[in-house]
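Colleague: Could you walk me through this model slowly, starting with how the charged side chains pair up?

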Amino acid sequence: MSLMKKRVKIGFVTAITLVVLIYFYKTVISFNSNSSPLANVLVEEQRQWPPTEDAVQRNLQIAYEAQNALLHQQRQELMHTKEQLAQLEEKVRSLQASTPRKYPKVKYLNYKNRKRILITGGAGFVGSHLVDDLMIQGHEIIVVDNFFTGRKRNVEHWLGHANFELIHHDIVNPLFIEIDEIYHLASPASPPHYMYNPVKTIKTNTMGTINMLGLAKRVMAKVLIASTSEVYGDPTVHPQPETYWGHVNPIGPRACYDEGKRVSETLSYAYAKQEKVQVRVARIFNTYGPRMHMNDGRVVSNFILQALRNETITVYGNGKQTRSFQYVSDLVDGMIALMASNYTQPVNLGNPVEQTIEEFAKIIRLLVGGTSEIKQISAMEDDPQRRKPDITRAKKRLNWEPKVPLEAGLRQTISYFRNELARSDRFQESSRKYFESPDLQRSRP
Ligand code: NAD
Ligand code: UDP
Ligand code: UDP
């Protein structure tokens, strides 16, 4: 046989062999391998057409089992991923714990100048700003708070700092610690909050203040009491100097707070006289700024939130009542100056720029932008009609007066509330997604 013929023959035989092999693989090996349960469905389908009832049932059963197997496999993978994620999170946590946290820069004070300062209500709106300033000055700060209206979030940037301590405690109960100064701010401050539990408001301002004065007496600490313009009640003198005795309804809805604070002042001067405790009394007028609670219920947060949500701005009564608003940083400066001074009589801390509430609503709407309607609704009982501090004493004795203009302070506060709203929307959305996720639904019993 010639070489050419030999090659053709070999090629022919090879081709035949290949065809046979492919056929063998398709018909025998792949059908028998059964690697995927779905293959069984095909087997059943190809056996007979149209398939019998039995075959249909079997096919359904096979498909169902295949689906289940797939689901099982996916769940396993999900669980595995979750385990990996948990391990990673654990690693991140331990890394975070071993890496020193970044804190705002604090000054170094030597032991002679460094004070141990207790701030009651330090997790609240004003208290947390006071914490920031005193921490930055280099002092050791102890915050005592029962978190009734305060939040850990207000002071979380100091948690873990060597100069900072947060104690969850209700000041109605005694407290034994060693300190040099006390800023006593613990008390609900907004009308809805202090009216929510009037008895507790009275206890906090009387028993709580006795405890703080008793503590000051024992350790010979200086104590500053956060009193309020509410001690003037619905004033008959305008503007209000510290010498004015006030006009308070002792049994009205505001009495728990107004009379509580008046007793707080009385106690301070009784301890000063009888026990030689060094007291400072700040009569604080309406204050606003970042970290006010979203549900605070006071006029600044209410109006800003209503304007940001484009809701109706609700003015209680005819809106002709007046208030004077000071920005929180001005108040904090005033409190620190008062504590440092030798002046022991009460001092008004407030901004004498006065507005009607109706004007205030318009200012907020203008600064926020938007088209909120301004609507008068029923008046609050015993709502003080005029309020404006006479700050001659603070100017003279503390060399203090407010610096932040209303518009600048309001812009800061509006921006804070805008962020808070966005934050709460984000949390709501991610929480909704989580609780509605099919995975969570399946894992429920
Ligand atoms: P806030 O409600 O934000 O802060 C008060 C803090 O005291 C909160 O952290 C709260 O949890 C805490 N607290 C309440 N009862 C307590 C208790 N029994 N034990 C421990 N902690 C308790 O109010 P704020 O606006 O920061 O006011 C602070 C102080 O200033 C208050 O004493 C208030 O009367 C006074 N003040 C404030 C204003 C103002 O416009 N913000 C005006 C006048 C007086
Ligand atoms: N008190 C406190 N911490 C102290 C000291 C006193 O909480 O370090 C409380 C004490 O429990 C008391 C209150 O302050 O109820 C008033 O103290 P004070 O010494 O004036 O009164 P007394 O103990 O004599 O009744
Ligand atoms: N106010 C209002 N709408 C509100 C909240 C408050 O018109 O949504 C009025 C309230 O009646 C009062 C003033 O604003 O005349 C200040 O009230 P806020 O509760 O802030 O503090 P107050 O000075 O009364 O303690």
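This is a predicted model: local features need pLDDT of at least 70, side-chain atom pairs count only at pLDDT 80 or more; totals for chains, interfaces and linings use all residues.

Modeller: Glu354 belongs to strand 12 (residues 354-356), while Arg386 sits in the loop between strand 13 and helix 11, so that the pair links distant parts of the chain, 32 residues apart.

Colleague: How many salt bridges does the structure hold?

Modeller: There are 22 salt bridges in the structure. As a rule, side chains of opposite charge can pair when their charged atoms come close.

Colleague: What about Asp132 and Arg291, how do their side chains meet?

Modeller: The side chains of Asp132 and Arg291 form a salt bridge with an N to O distance of 2.9 Å. Because Asp132 is in helix 4 and Arg291 is in the loop between strand 7 (287-288) and helix 8, this pair ties together parts that are 159 residues apart in sequence. Asp132 and Arg291 are both buried.

Colleague: And which residue does Arg387 form a salt bridge with?

Modeller: The partner of Arg387 is Glu230, and their closest N and O atoms are 2.4 Å apart.

Colleague: Switching to the ligands, which residues come nearest to ligand 3?

Modeller: Ligand 3 has 18 residues around it, and those that come nearest are Arg254, Tyr316, Arg323, Asp383 and Arg387.

Colleague: Which atoms of Arg387 and ligand 3 are involved?

Modeller: An oxygen atom of ligand 3 lies 2.7 Å from a polar side-chain atom of Arg387. For Asn302, an N or O atom in the side chain is 2.8 Å from an oxygen atom of the ligand, whereas for Thr314 a backbone N or O atom is 2.9 Å from a nitrogen atom of ligand 3.

Colleague: How much of ligand 3 does the protein bury?

Modeller: Taken alone, ligand 3 exposes 520 Å², and the protein buries 97% of that area. The elements that contribute two or more residues to the shell around ligand 3 are helix 8 (299-308) and strand 8 (313-316).

Colleague: And how many residues surround ligand 1?

Modeller: Ligand 1 is surrounded by 30 residues, of which Val126, Asp145, Thr149, Leu185 and Tyr257 are the closest. An oxygen atom of ligand 1 is 3.1 Å from a backbone N or O atom of Gly124, and an oxygen atom of ligand 1 is 3.0 Å from a polar backbone atom of Gly150. With Asp170, by contrast, a polar side-chain atom lies 2.9 Å from a nitrogen atom of the ligand. The protein buries 97% of the 820 Å² that ligand 1 exposes when taken alone.

Colleague: Which element gives the most to the shell around ligand 1?

Modeller: Strand 5 gives the most, with three residues. The elements that give two or more residues to this shell are helix 4 (125-136), strand 5 (222-228) and helix 7.

Colleague: Helix 7 again, then. Where is Asp258 found, and what does it touch?

Modeller: Asp258 is found in helix 7 (residues 255-275). Leaving out residues up to four places away in sequence, Asp258 touches Glu230, Val231, Gly233 and Val248. Asp258 is buried yet has no salt bridge, and the nearest side chain of opposite charge, that of Arg254, is 4.8 Å away.

Colleague: Last one: how many helices and strands are there in the chain?

Modeller: The protein chain has 13 helices and 13 strands, and 42% of its 445 residues count as buried. Among contacts between residues at least 6 apart in sequence, 81% join residues at least 24 apart.

How values were computed. Residues are numbered from 1 along each chain as its sequence is written. Chains are lettered from A and ligands numbered from 1 in the order in which they are written. Side-chain values use heavy atoms; hydrogens and water are left out. Helices (H or I, at least four residues) and strands (E, at least two) are DSSP runs, numbered from the N terminus. Buried means under 20% relative accessible area, exposed over 50%, partly exposed in between (1.4 Å probe, protein chains only). Lys and Arg count as positive and Asp and Glu as negative; His and the chain ends are not counted. A salt bridge is a side-chain nitrogen of Lys or Arg within 4 Å of a carboxyl oxygen of Asp or Glu. Contact means heavy atoms within 4.5 Å. A residue is near a molecule or strand if one of its heavy atoms lies within 4 Å of it. A polar contact is a pair of N or O atoms within 3.5 Å; within protein, one must be able to donate a hydrogen and the other to accept it, and residues adjacent in sequence count only if both atoms are side-chain atoms. Accessible areas come from the Shrake-Rupley method with a 1.4 Å probe; for residues, only the protein chains shown count as cover.
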